[in-house]
Amino acid sequence: MSILNIDQAELAFGLHPLLDRAHLIVHEGERIGLIGRNGTGKSSLLKVIAGQAVFDSGEIRLADSARIIMVEQEPVLPPAETFYLSLTERGGLEDFPDERERWRIDARLIEYLHRFGIDDGRSPASASGGERKRAALALALAMQPDLLLLDEPTNHLDISGITMLEDLLLRGQVRSAIIITHDRAFLDRVASRIIELDRGLLRSYPGNFAAYEARKLDQLADEEKANRKFDQFWAQEEVWIRKGIKARRTRNEGRVRRLEVLRVERMARRERVGNVKLALDAGERSGKLVAELTDVSIRFGERVIIDNLSMNIMRGDRIGLIGANGAGKTTLIKLILGQLQPDQGEVRLGTKIEVAYFDQMREQLNPDATLVETISPGSEWVETADGRKHVMSYLADFLFPPQRAHAKVKMLSGGERNRLLLARLFARPANVLVLDEPTNDLDIESLELLEDTLQGYHGTLLLVSHDRAFLDNVVTQTIVAEGEGQWQEYVGGYSDWLAYCTKRDAVVSEGAPNNKISPPAPRAAATRSRLSFKEQRELAQLPQELETIELQQKALNERMIAPDYYKQSVEQQKTDRAQVQTLEQLMTKKFERWAELDQRANQVGQ
């Protein structure tokens, strides 16, 4: 059964088209990950679905009596004495027509508030962005909507909050969901389908983010090949059309018209948005020792943040800090950099240290300065790892066009401010790089490019992030807040730490002492298994088989949502519903087989 049907949707921001005759069907039980570059219109699409905006043209149809709830990037809570009263007003619970349903929602709301660590009797006036986000998520889940719309739900959440939200979504607390997020681990675990908003079109990919990546690479290669072939043909036609006077007098009018059509098509072809170009200069090498902490402790009032911590940070270390919101990750970084003195113990800094600091609140940006003044005050040139660049060219590397170079920082979106801060950070050499939540508001392609840049960085990296995939792809060790001021160092990234915790808990549950558990080692290469000839053929055919099933699903769905479908016999309707389930099961089976064969094929090639 379809919850939502969008057909021939068009939406533009000024002269820039966000949706170009886009089409989308959302079925009951689907958890759709909506992805796309920053500024492509993802949030605008959710606002239309939520009834907060309208399409310029096109049609949107919702199932009868469907309850739609949206949680924005930065939820606004009505002023009230307590979180409970504020959420009651936000959800319109006072005017709820069904008293018994109202009481059920009420009970679930208090339960979810406690799960997300929110005191329902506390005033929301002084709440942080993360607390407001968790409260809004609690309300949305308590109302058990038919369609839940989440815009960047993992921003401001720590890892425990993110995994709890994943668990709740997987347990069926909502019938269907559309989720905008850049968190690839979240998409891999939660999404049953990926929808990419790309150049005005909504492109559908069955499965999670890993499956999307595999299919997207093939699609982009085919698109590039088609464009290259088109450009070559176009160039040949241009040469022919510009021949001498005699040729122009005798040219075939049909061929001329065809060229004009080609020109129109070429102008109309919307190119993919370029990638951010990152290059990071580590500058002069620091001393071998970056920082040495000996029996360091610090507390705020009665609360112990760090208790008797000793550790060495060496040149080239790539450290990820993991912990709940408020655990003291930023405090630990300030201790390491010598910006904060411990209550007891000693911090010794190494020599020749040049620090670049990316702060999650972006307080280093002057809102009244222009982009040019922010990047290169008093100069038109920037010294980068790739050499000297004009400031306009450097800004273009971070997707800021020349016409925006003199715009004020306060006019930028959250994602644009993140890119500007990265541009400023990378514009000067640094052999110690500190990144405090750098992934917020960045789209997935920019995230992956940032990962590539950091992997090639030769300095020392201190990273605070709740993005599990980012941690796995960047750091060599993690320092984890384990409560009551205790911090522990582990080899590897987030997944290695999680595997160690799982093993430790299993050993403890069996009654074995903790000290017999070995710390995690770097991940070994997967066992390789060569594909047989039959399996190779099967792998090559699976994408086409999946596409055929998708087309069958689309045709069946369009027939079932037609206005006169009710005229079909009861037997036919039962047959169609059974066919929907059969196709979904077949799609899942085919996809799982494809993922298995593709993984084995890639392992063989490594």
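The following legends describe close-up views of a predicted model.

**View 1. Overview of the predicted fold.** The protein has 606 residues, of which 47% are buried. Its secondary structure comprises 18 helices and 20 strands. Among contacts between residues at least 6 apart in sequence, 68% link residues at least 24 apart.

View 2. When residues up to four places away in sequence are not counted, Leu-420 touches Leu-365, Leu-371, Thr-374, Ile-375, Leu-395, Phe-400, Val-409 and Leu-412.

**View 3. Val-432 in strand β17.** Strand β17 covers residues 432-436 and includes Val-432. The relative accessibility of Val-432 is 1%, so this residue counts as buried, the limit being under 20%. With neighbours within four places in sequence left aside, Val-432 is in contact with Val-290, Leu-337, Ile-353, Glu-354, Val-355, Ala-356, Tyr-457 and Thr-460. The C-alpha atoms of Val-432 and Arg-285 are separated by 9.5 Å, although the two residues are 147 residues apart along the chain.

**View 4. Helix α1 and its buried side.** Helix α1 runs through residues 42-49, and its buried residues include Lys-42, Leu-45, Leu-46, Val-48 and Ile-49. These residues lie on the same side of α1 because they cover an arc of only 160° around the axis. After α1 comes Gly-51, which has a positive phi, near 85°.

**View 5. Lys-47, a partly exposed residue of helix α1.** Lys-47 also belongs to helix α1. Its relative accessible area is 40%, so Lys-47 is partly exposed, a class that lies between the limits of 20% and 50%. Not counting residues up to four places away in sequence, Lys-47 touches Gln-52, Ala-53 and Met-70. Lys-47 and Leu-149 are 102 residues apart in sequence, while the distance between their C-alpha atoms is 9.0 Å.

View 6. Gln-144 is located in the loop between α4 (129-142) and β6 (147-151). Gln-144 is not a glycine, yet its phi is positive, near 45°. With a relative accessible area of 36%, Gln-144 is partly exposed. His-156 is located in the loop that lies between β6 and α5 (159-170). Its phi is near 75°, which is again a positive value in a residue other than glycine. His-156 counts as partly exposed, at 31% relative accessibility.

**View 7. The largest cavity.** Rolling a probe the size of a water molecule over the atoms shows where empty space is left. The model has two cavities of 30 Å³ or more. The largest cavity holds about 70 Å³ of space. Its lining is formed by Leu-34, Ile-35, Gly-36, Asn-38, Lys-42, Glu-152, Ile-180, Thr-181, His-182, Leu-442, Asp-443 and Ile-444. By class, this lining has five nonpolar, four polar and three charged residues. Lys-42, one of the lining residues, is also one of the buried residues of helix α1.

**View 8. The second largest pocket.** This pocket has a volume of about 1,400 Å³. It is lined by 46 residues, and those closest to its centre are Arg-193, Ser-204, Tyr-205, Pro-206 and Glu-550. Several elements each supply at least two residues of the lining, namely β2 (16-27), α6 (184-190), β8 (193-198), β9 (201-206), α7 (209-241), α17 (533-560) and α18 (570-605). Helix α17 gives the most to the lining of this pocket, with nine residues. By class, the lining of the pocket has 18 nonpolar, 12 polar and 16 charged residues.

Terms used: Residues numbered from 1 in each chain as written. Predicted model: local features only at pLDDT ≥ 70, side-chain atom pairs only at ≥ 80, totals over all residues. Heavy atoms only, no water. 1 Å grid on protein atoms, 1.4 Å probe; cavity = no way out; pocket = protein on both sides within 12 Å on 5 of 7 lines; lining within 4 Å. Points joined across faces, edges and corners; volume = space filled by probe spheres on them. Helix = DSSP H or I, 4+ residues; strand = E, 2+ residues; numbered from the N terminus. Nonpolar A, V, L, I, M, F, W, Y, C, P; charged D, E, K, R; others polar. Contact = heavy atoms within 4.5 Å. Buried < 20%, exposed > 50% of the residue type's maximum accessible area, 1.4 Å probe, protein only. Arc of directions from axis to C-beta.
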